Amino acid sequence: MLKKTMKIAGIIILLIIASLFAIPYFFKDQIKAKIINAINQKVDAKVSFADADLSLFKNFPNANVTIEKLAIINKAPFEGDTLVSLGELNLKMSVKELFKGDNEPINIDGISSKDGLINILFNKDGIGNYDIAIKDDKPSTDDSKSKPLSLTVQSYKIENFQFRYFDEKSKIKMLIDSLNHEGTGDFAASKLDLDTKSTAKISLDMDKVNYMNKVALTLDAVLGIDLENSKYTFKENKALINQLPLEFDGFIQLVDAGQEYDLKFKTPTSSFKNFLAVIPAAYAASLDNVKTTGDFTIAGFAKGLYSDTTVPKFNIEIASNNASFKYPDL
């Protein structure tokens, strides 16, 4: 009797495993159709991807949809320019989402991506290449048809991204390289705390003058997000510029006229080692045993409206008092 029971249990387990392998093949075409439908309804750009696969093992017990080599290419006036390129995009969702009908939205619980490029451009007329949403003068009353994909994201993660920004009119060029960022929070709520971790290397040029060259940045922060009022508040946070520690306080709010800033930042300690921490990490190893005395502090703020005609008031104070440093062998 025991052998018979074990045999039946073994057969059931094998059937379940076989089903987990087989089910993705039945839903692969349906997932592709959902993705293409969502893109065509929302985006005025040339969009392509190499393949879309479904796995029930990658995020078990959730399903995982993987989109490979997704690219969004601009139309005029940025004809042929790449807006977004993703090596891999993963969408995590409940298995029950796979059984929904063609007009029912699929709820996405988590998003991750790697090896991506985001390329933001402004031409000399101030027109940006990111405004690719299709303008709908007659919004549909049927939400199920207009939302084939619906986001109820609890977590997201990007790895090895590159963010490029170039403004032809102001000659501002920024490159954020080796960008890794992740966050967790309930985006279904109108107010949430977003727990984030970020690392990157930043370069900045303004009118052919280089101000930052591959400066290492680390930021661990809890952001209070008020979606109804488009307000983003710094709560707990710790930032490192190279190895210089900084803390932020305040908020950024999107308003009709532009962006409202009320931000403060400062070094959490006053040790002169803060100054040595600005030195790039490649040269910092030889400074590990350097002895320092005195103070070095950085503090500043940005407050006011950023719009077409105004910029916020801002101030940066850098102070050193009775400071010295000494190599141990000298």
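Here is a short chat about charged side chains in this predicted model.

Colleague: How many salt bridges does a search of the whole structure find?
Modeller: Remember that we're looking at a predicted model. The pair has to bring a side-chain nitrogen of Lys or Arg within 4 Å of a carboxyl oxygen of Asp or Glu. Searching the whole structure that way, the number of salt bridges found is four.

Colleague: Okay, take Glu79. Which residue does Glu79 form a salt bridge with?
Modeller: The closest N and O atoms of the pair are 2.9 Å apart. Glu79 sits in the loop between strand S3 (62-73) and strand S4 (82-93), and its partner is 33 residues away in strand S1 (residues 46-48). That partner is Lys46.

Colleague: And is Glu79 buried, partly exposed or exposed?
Modeller: Its relative accessible area is 48%. To be called exposed, a residue needs over 50%, and buried means under 20%. So Glu79 comes out as partly exposed.

Colleague: What about Asp193 and Lys235, how many residues apart in sequence are the parts they tie together?
Modeller: Their side chains meet in a salt bridge, 2.9 Å from N to O. Asp193 belongs to strand S8 (residues 191-206) and Lys235 to strand S10, so the parts tied together are apart in sequence by 42 residues.

Colleague: Which strand holds Lys303, the partner of Asp262?
Modeller: Asp262 and Lys303 meet through their side chains in a salt bridge at 3.2 Å, N to O. Asp262 is in strand S12 (residues 258-266), and the pair links distant parts of the chain, 41 residues apart. Lys303 is in strand S13 (residues 291-306).

Colleague: Now the surface patch. What charge do Asp115, Glu159, Glu182, Asp195, Asp220 and Glu236 gather into?
Modeller: They're Asp and Glu residues, and both of those count as negative. Like charges are joined within 9 Å when the residues have over 30% relative accessible area and no salt bridge. So what these six gather into on the surface is a patch whose charge is negative.

Key
Residues are numbered from 1 along each chain as its sequence is written. This is a predicted model: local features need pLDDT of at least 70, side-chain atom pairs count only at pLDDT 80 or more; totals for chains, interfaces and linings use all residues. Side-chain values use heavy atoms; hydrogens and water are left out. Patches are made of residues with over 30% relative accessible area and no salt bridge: like charges are joined within 9 Å, nonpolar side chains (Val, Leu, Ile, Met, Phe, Trp, Tyr) within 5 Å. Accessible areas come from the Shrake-Rupley method with a 1.4 Å probe; for residues, only the protein chains shown count as cover. The place of a charge is taken as NZ of Lys, CZ of Arg, CG of Asp or CD of Glu. Helices (H or I, at least four residues) and strands (E, at least two) are DSSP runs, numbered from the N terminus. Buried means under 20% relative accessible area, exposed over 50%, partly exposed in between (1.4 Å probe, protein chains only).
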